[in-house]
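Dear colleague,

I am passing on the structure we spoke about, and my notes on it follow below. Please read them alongside the model.

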Amino acid sequence: MKIAQIAPLTESVPPRTYGGTERIVSYLTEELVRQGHEVTLFASADSRTSAELVACCDVALRLNPRVQDGGPHHVMMLERVRRRADEFDVLHFHVDVLHFPIIRDFARRTVTTLHGRLDLPDLAQLYAMFDDVPLVSISFDQRRPMPPVNWVGTVHHGLPRDLLPFHPNTSGYLAFLGRISPEKGPEAAIEIAARAGFPLKIAAKIDKVDQSFWKERVEPQLLRHSNVEFIGEIDERQKADFLGNAVALLFPIDWPEPFGLVTIEAMACGTPVVAFRRGAIPEIIDDGVSGWIVDTVEEAVGALRRIDSLDRARVRQTFEKRFTVERMCSDYVALYRALTNTGTATLAFDRDESMRRRARSAPLRLPAQGMFIARHLVPEVPQYSNSLVQMVLPMWCASFWVARLHACGSSLGGRYRTGRFSEPQRSFAPWRMQPVWGRRPCGACRRAGTPLCSPLGSARLWADLILCGQNALRTQPFCLLTVAENTPV
C-alpha cells in the first residue's frame with residue numbers, strides 16, 4: 001500500500017529526547033517499510049527514516065530558538081499533504097485536529113490517531129462537527145469523554161523488540177521518567193520513594209509552561225530529600241540503562257492518561273511499574289504480573305515492599321505478548337485495508353492476540369454493494385456485575401440482532417447510541433438493545449431524498465452487533481460492528 005504518515009513538527013521523528021507521539025510515528029513508519037509498504041513521512045528535516053521524507057521545516061520546532069509560533073509551519077505542511085493526497089491509498093494523521101477541514105473530500109482514505117487527552121471541555125463541539133472523520137484511540141479509556149464520533153479502532157502502542165534489552169538485575173533505585181508537570185505526579189513520586197526508603201532518580205524535561213511548578217513545588221522537595229536525584233532529559237541510549245537498572249518505575253499520574261508510553265518501555269526492560277489507577281493504566285498494566293496498580297500513596301508504598309515478588313522475566317514476556325511494534329503495525333494495516341475495502345469490514349482491536357483472532361472470526365459476513373461503515377467499538381461494561389453479564393450475554397448472543405439504521409453519516413452514532421449508552425461513559429448495556437425497525441426517516445435522509453431509512457425503502461443499511469463470548473468480556477469486553485451498505489431487501 002502507498003501510505004502517508006503525517007507527524008507533528010514539534011519534535012523530529014524519532015525525537016532526540018522527549019516526544020512520545022513522534023517516537024510512535026517513527027516505530028510505525030519503519031515497520032511499515034520493513035513489511036514492504038511504500039511510505040511517505042511528512043516531518044521535520046532532521047528526522048531519520050527509511051521512508052520517503054518530505055521535509056516540512058528545517059529542524060524540529062521545539063529545538064529551534066527562531067520559531068515563536070508553530071502554527072504556520074503546520075499549516076504549510078498540511079498544504080503539502082493536500083497537494084499530494086491523490087498519491088496515497090491511506091493518509092495517517094498524528095497532528096490532533098489541524099487537518100480536519102482540509103480532508104473532507106478524501107476523509108474515507110484517512111485515519112487520525114488521537115494521542116492526547118480528550119476530556120477538555122472545548123473539544124466536544126469540535127469533534128461533534130467532524131463526526132465523520134475516521135478516528136483511532138490509543139486506549140479504550142481515552143474515548144470516555146467523547147461525543148458520538150467515527151471510531152474505527154483502538155490500537156495500543158508498540159515498541160521494537162530489540163529497542164530496550166531485558167535487565168534481570170537492578171541497581172536498587174526507583175525511576176521516574178517523563179515530564180515535570182502537576183499531572184505526571186513528580187511530587188507524589190518523591191513522597192512514595194521517601195516513605196518506602198528507596199533512592200529515586202528523576203529523568204524528565206521541564207517545559208516553559210511548567211517552570212513555575214518546578215521552582216515552587218518540585219525543586220524544594222528535591223532539596224529536602226537527599227535520596228532524590230534529578231538527571232534531566234535523557235536520550236534513547238541512556239533510557240535503556242536508566243529503566244533497566246531500576247527496581248521499579250513510579251507512575252503516580254493525576255490525570256486521565258490516554259496510554260503512558262514509558263510504562264511499556266519499562267516493561268520491555270523487565271522493570272515492573274507501580275502506577276496510580278487513572279486513565280488507561282488498567283488496560284496497560286497486568287496487576288500483579290507486570291506491576292501493581294494502586295489508588296493512594298500509602299498503597300504505592302505497600303506495593304514497593306512486595307515488588308520483589310514480581311518476576312522480571314514475566315514482565316518482559318508481557319511486553320513481548322502485547323506491546324511489540326509488529327502487533328501495533330498489524331493492527332494499523334488491518335485498519336488501512338478495511339478503510340480502502342469496498343466490501344464488509346471486521347474491526348476488532350483488543351488487548352491480546354487471541355481475542356483479536358476470536359473477534360475477526362466471529363461476525364457473519366453480509367453481502368455488500370457499496371461502501372462499508374464501521375462506526376463504533378464499545379470497550380467495556382464496567383458498572384455491571386459478572387453474574388449479570390454471564391446471565392444476559394449468552395441469551396443476547398444466541399439471538400442475532402439485525403437492526404435497520406439510517407443511511408446518513410450519523411446513523412450508528414445516532415440511532416444506536418441514543419438511549420442505549422450511559423453518559424458520559426457510554427458503557428454498553430446489551431440487554432437494553434432494541435430493534436429499530438420502522439422508524440421515520442431522519443432529517444438528513446429526508447433532505448437527501450434517500451429511501452434507505454424509510455420503512456418501505458428498496459434498500460437497507462444493515463448492522464450486526466456481536467459480543468464474542470462471556471470469557472472475553474471478563475477481561476476486556478468489546479462490541480464488534482460489521483456493516484454492509486445498500487443490501488437489497
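Buried here means under 20% relative accessible area, exposed over 50%, and partly exposed in between, with a 1.4 Å probe and protein chains only. By that criterion Phe100 is buried, at a relative accessible area of 1%, and Phe130 also counts as buried, at 11% relative accessibility.

This is a predicted model, in which local features need pLDDT of at least 70 and side-chain atom pairs count only at pLDDT 80 or more, while totals for chains, interfaces and linings use all residues. Residues are numbered from 1 along each chain as its sequence is written, and side-chain values use heavy atoms, with hydrogens and water left out.

The structure holds seven aromatic pairs (rings of Phe, Tyr and Trp, the last by its six-membered ring, with centres within 6.5 Å; planes under 30 degrees apart are stacked, over 60 edge-to-face, the rest tilted). One of them joins Phe100 and Phe130, which are tilted at 50° between the planes and lie 5.4 Å centre to centre. Because Phe100 lies in the loop between β4 (90–93) and β5 (110–114), and Phe130 in the loop between α3 (123–129) and β6 (135–137), the pair ties together parts that are 30 residues apart in sequence. Together with Tyr127, Phe100 and Phe130 form one aromatic cluster.

Finally, two charged ends sit over rings (NZ of Lys or CZ of Arg within 6 Å of the ring centre and within 35 degrees of the ring normal): that of Lys201 over Tyr173, 4.3 Å from the ring centre, and that of Arg306 over Trp292, 4.3 Å from the ring centre.

Best regards

Note on methods: Helix = DSSP H or I, 4+ residues; strand = E, 2+ residues; numbered from the N terminus.
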